[in-house]
Amino acid sequence: MTEEHYIGVDLGGTKILAGVFDSDHNCLFTDKNKTKAELGYEGVTARIVETIRGAAHLTGIDVANSKGVGIGAPGTISADGSTVLFAPNLDWRDVPLKADLEAELGCPVWLGNDCSVAAMGIHRSEFESKPRDMVSIFLGTGIGAGIITNGAFLSGATQAAGEVGHMVLDPDGPVCGCGTKGCYEALASRTAIFNKVKAAVEAGEKTLLFDPESGKPFNKVRSGKLRRAVEAGDELATRVLDETCLYTGIAIANLCNLLNPEIVALGGGMIEQLHETMLPKITEAAVDRMMPGARQVSIVATKLGDHAGITGAAILACDHA
Ligand SMILES: [Zn+2]
């Protein structure tokens, strides 16, 4: 019997990662490209196709002969899984991504929300026990989550559940991308960290995160650079990271008091780089604020790292095929 292949794609605002998987959810080969959201829907779709073909080529297979492609997209997906209704980071509204990719690739394609898909990847491939109640939180440029409660994904009345990043943790906090003040994401994401560091640098504070002599504009804080600054004892980097851990702990305590999960699995770029520093601080801040009944929870960093999204997307394809 010839091996069956499934392709998983993690479509992000800055990067597209595609992986070819066997039917046991083992990743065989990956390929990645920059998203270049500024190219618009058609341009980005062509880059998704190119990335999928790249991973298939490395594996030595033809995409059309694969059992299917799963896509985790950063936005709201229609209930029938055909359309990306709204993806703010890509500036997409109502785009028929499933039909367009199927026409181009010659195999079935299924869409899901990126955080839900990554949470499914973690739940299905990382935890043998298949916990009935689990929350995954992804800390990166933004903050997203996937919630499994009573054995099923929490989707809500209009597929809008799980927006953990928009829990308000400080009514007088900074304005969030959604327009509300003090959302968890506006206080603790990598974007929030950048805004805090930028304000401190402008106020004259010195930090390893920004070298004014370099002549380069200060326009981002990468997770790897943040880790190196924290390890070198940089005061500002340590302070902003501690704040992110505190708010993440508070968010987790709220979720645990509400949902009583068995596991909280953390992922995303910041956790991948900084989990050794962050996890103990997050856990302490969370457990301090939990009701006794919720405290048996395990708070862990996902072992899948960057592969959570593509693993979940391949499982999405496998389930449908
Ligand atoms: Zn918000």
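The following questions and answers walk through a predicted model, in which local features need pLDDT of at least 70, side-chain atom pairs count only at pLDDT 80 or more, and totals for chains, interfaces and linings use all residues. Residues are numbered from 1 along each chain as its sequence is written.

Student: Are helices α1 and α2 parallel, antiparallel, perpendicular or oblique to each other?

Tutor: Helices (H or I, at least four residues) and strands (E, at least two) are DSSP runs, numbered from the N terminus. Helix α1, residues 40-59, packs against helix α2, residues 97-105, at an angle of about 50 degrees, with their axes 11 Å apart; axes are lines fitted to C-alpha atoms, for helices over the stretch in contact, and angles run from 0 to 180 degrees between N-to-C directions. Angles under 35 degrees count as roughly parallel, over 145 as roughly antiparallel, 65 to 115 as roughly perpendicular and the rest as oblique. Therefore α1 stands to α2 as oblique.

Student: Which residues of α2 meet α1?

Tutor: Two residues are in contact if their C-beta atoms, placed from the backbone, lie within 7 Å. From α1, the residues Thr45, Ile48, Val49 and Ile52 take part, and in α2 they meet Leu97, Asp100, Leu101, Glu104 and Leu105.

Student: Is Arg190 buried or exposed?

Tutor: Arg190 lies in helix α5, residues 190-202, and among the residues that Arg190 touches are Val221 and Met270. A residue is buried if 20 or more other C-beta atoms lie within 10 Å of its own, exposed if 12 or fewer, and partly exposed in between, with C-beta atoms placed from the backbone. Because Arg190 has 23 other C-beta atoms within 10 Å, Arg190 is buried.

Student: What is the phi of Asn260, and where is Asn260 found?

Tutor: Most residues other than glycine have a negative phi. Asn260 is found in the loop between α7 (235-259) and β12. Although Asn260 is not a glycine, its phi is positive, at about 50 degrees.

Definitions and conventions: Lists of a residue's contacts leave out its neighbours within four places in sequence.
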